[in-house]
Structures are given as structure tokens and as C-alpha cells.
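Keep the structure open beside the text.

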Amino acid sequence: MDRGMGMGIGMDGAHDSGWVSAPATHREAVMTETARFVAVVEGADLATPVPSCPGWTLVDLIRHTGSVQRMFSGVLRRRVQERPLTRDTELDLPADDAGYPGWLTAGSQVAARAFADTDPDAPMWVWGADPHARFWMRRMLFETLVHRVDAELAVGLRPVIDPALAADGVDEFLVNLPFAASFAPKTAHLRGQDETIRFRCTDRAGNWLIRLRPHGFGLVPADAGATNAEAANPGSTNPADVTVEGAAADLLLLMYGRLDRTSDVFETSGDEDLLARWVANSEF
């Protein structure tokens, strides 16, 4: 799994997702998730390994997350309209490891200022599906949230994720994954002859159908648009070749490789080989 989670370059495009929370929700949640992250690492041994990010310690995890927040904030401030030629960002790294929790808090404050100064509907270059400033706000949220989970796992805590945010995060992942080939090259193997994979929430409305075609893959738009109606008519969706059902938080962790597809928290039916191929090639 690419620990960077979406720092690369992809295609421009647009997708009208029924699961996009309001940008204000994303902005507020970035602050909340950063504060939770900081609360985990304050007083912890920053040399602690992070099992979900092999080869990293807590200080590496903090440095990465704070750097991404600053980089995305710079993209927002500059209102970039084309692919940046460099990722260079002024990081203001602390002098020693003890300063990293405070440095991470400062990164969220940099983000808060960028959010306050940016219209979320402003057209911008993005690597994903929604060419507006709100793309970067949403992407920053899930970058921060999943790495907060990584920090909790590293110190032996049981992560808790808000179900509404988790469902939004599943959507954000699946909407953008088809555009991520330049930094997720194995997605090139997600081709097929119209095979379908369904992910369905069991604790709230949430239902996504992925179709693998000869020249690409992606969400089936009509299916994504019908998710709210599913609650009133659960039998209204078409069968898929393989279906994975689980709580929204567990599905989000599955997307990011933090839970195994064979975990007993999931109910799976259909073509197991197809699901295994998806998991092996959807690294983000």
C-alpha cells in the first residue's frame, strides 16, 4: 500500500458523487482529526514502529501527514490551474523529535488559513475527479484521518471512525481511484469484461458498484446515485459478481489496506478471485 495516499498526479475530470459531504464538514474534520492524531502521539515514544505503514515510525508518520497538509495548503493558496512542476514546500521542520506533535498542530492551522481564504467551488487543477478547490480539502481530510488511525494502531488503541465520514471516505477513494494510475500503477490491471464489485454499508446507507471494463474501471454512476433510495428498497440494486458488506468504518479501512478482506467483520459473497484481484491492484 502506498503510504502517500494520493500525493501523485492523475487525470483531470469530473464526477457528480452523491456522497460528497459539504466542504465545511471536510474543513472542520481536518482540524478534529489532526487534534486526535496529536493527542495520540503526545507523550508517546516517537520511535514506535507503525505496523500499518511498514518501515515507518511515529515520527515518520507525523512528518508525512504534516508535510502533506502544508503541500495541499500551498496548492490551495496558489489556486493552481495546471500540474505543478515541483512538490517543494516550506516545511519548517522542528529541531528535534519532541517538537513534532506541535508541528503537526501548526500544519492544521496552516490548512485552516488556506481553507478560510479559498472558495471551495473555485476551479482548480486536481489529479482526481472533481476539478475544484474542495477536492483538496476532502483529500486532506482522509489523508489525515487514515494516518490518525495508523498512529492509534501503533500505540495499541482501537480506532473509532465516524460512520458518516467513513462512508464519505469510501466514496472519495472509489471516485478518485480511476484517475490515480500515475502513482498507483497497479490499477492498470483493473481491467475486465464488465465484471462488477459491490461494496455496501451495513450500518448506514452506502452502496457502490465498480465495473471492470476492457479499457478501464470505475463507479457505475446510476448505481452511485441510487444509494439513498436503497434504504427504502433494498432489493432494487442489480446483483454483482462479488459483494462485500460491512460497517462504513471497516469498508474505509479495507480500501486503504488497513483491514484484510478475509476479516470476519465483512460478509462476502460471489467471486473471491475477483475480489482478491481488486485488493491486490487498488493500492492508493
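## The contact between H5 and H8

In this predicted model, helix H5 meets helix H8 through a defined set of residues. On the H5 side they are Pro163, Ala166, Ala167, Gly169, Val170, Phe173 and Leu174. On the H8 side they are Ala248, Ala249, Leu251, Leu252 and Met255. By type, 11 of these contact residues are nonpolar and one is polar. None is charged.

Two packed helices are described by the angle between their axes and the distance between the axes. H5 covers residues 163–176. The axes of H5 and H8 come within 8 Å. They cross at roughly 35°, and the crossing is left-handed.

An α-helix has 3.6 residues a turn, so residues three or four places apart point the same way. Compare that spacing with the H5 list: Pro163, Ala166, Val170 and Phe173 are among the residues that meet H8.

How many of the eight residues of H8 are buried? Seven are, and the helix is mostly covered. The buried residues are Ala248, Ala249, Leu251, Leu252, Leu253, Leu254 and Met255. They pack against helix H4 (133–154), H5, strand S1 and strand S4.

H8 spans residues 248–255. It lies across S1 and S4, and runs at about 140° to S1. Just after H8 comes Gly257, with a positive phi of about 75°.

## The five-stranded sheet

The strands form an open sheet in the order S3-S2-S1-S4-S5. Pairing in this sheet is mixed. S3 (216–219) and S5 (267–270) are the edge strands, and each pairs on one side only. From one strand to the next, the twist averages 15°.

## Strand by strand

S1 and S2 run antiparallel and are joined by six bridges. Ile197 stands opposite Ile210 in S2. A hairpin of five residues connects S1 to S2.

S2 goes on to pair with S3. Four bridges link S2 and S3, again antiparallel. Arg211 faces Gly218 of S3 across this pairing. The hairpin between S2 and S3 has two residues.

## An exposed glycine

Gly43 sits in the loop between helix H1 (23–41) and helix H2 (58–78). Is Gly43 buried or exposed? Its relative accessibility is 85%, so Gly43 counts as exposed.

Gly43 and Pro101 are 58 residues apart along the chain. Their C-alpha atoms are separated by 9.1 Å.

## The chain as a whole

The protein chain holds nine helices and five strands. Along the sequence, the pattern reads α-α-α-α-α-β-β-β-α-α-β-α-β-α.

Of the 284 residues in the chain, 51% are buried. Contacts also reach along the sequence. Among those with a separation of 6 or more, 71% come from residues 24 or more positions apart.

## Confidence in the model

The mean pLDDT of the chain is 89. A value of 70 or more is reached by 87% of the residues.

Where does the pLDDT fall below 50? Residues 1–17 form one such stretch, with 67 contacts in the model beyond near neighbours in sequence. Residues 223–236 are also below 50, and that stretch has 17 contacts beyond near neighbours in sequence.

Terms used: Residues are numbered from 1 along each chain as its sequence is written. This is a predicted model: local features need pLDDT of at least 70, side-chain atom pairs count only at pLDDT 80 or more; totals for chains, interfaces and linings use all residues. Side-chain values use heavy atoms; hydrogens and water are left out. Two strands pair if DSSP finds at least two bridges between them. Axes are lines fitted to C-alpha atoms, for helices over the stretch in contact, and angles run from 0 to 180 degrees between N-to-C directions. Contact means heavy atoms within 4.5 Å. A crossing is left-handed if the near helix is turned anticlockwise from the far one by less than a right angle, and right-handed if clockwise. Ala, Val, Leu, Ile, Met, Phe, Trp, Tyr, Cys and Pro count as nonpolar, Asp, Glu, Lys and Arg as charged, and the others, Gly among them, as polar. Buried means under 20% relative accessible area, exposed over 50%, partly exposed in between (1.4 Å probe, protein chains only). pLDDT is the predictor's confidence in each residue, from 0 to 100.
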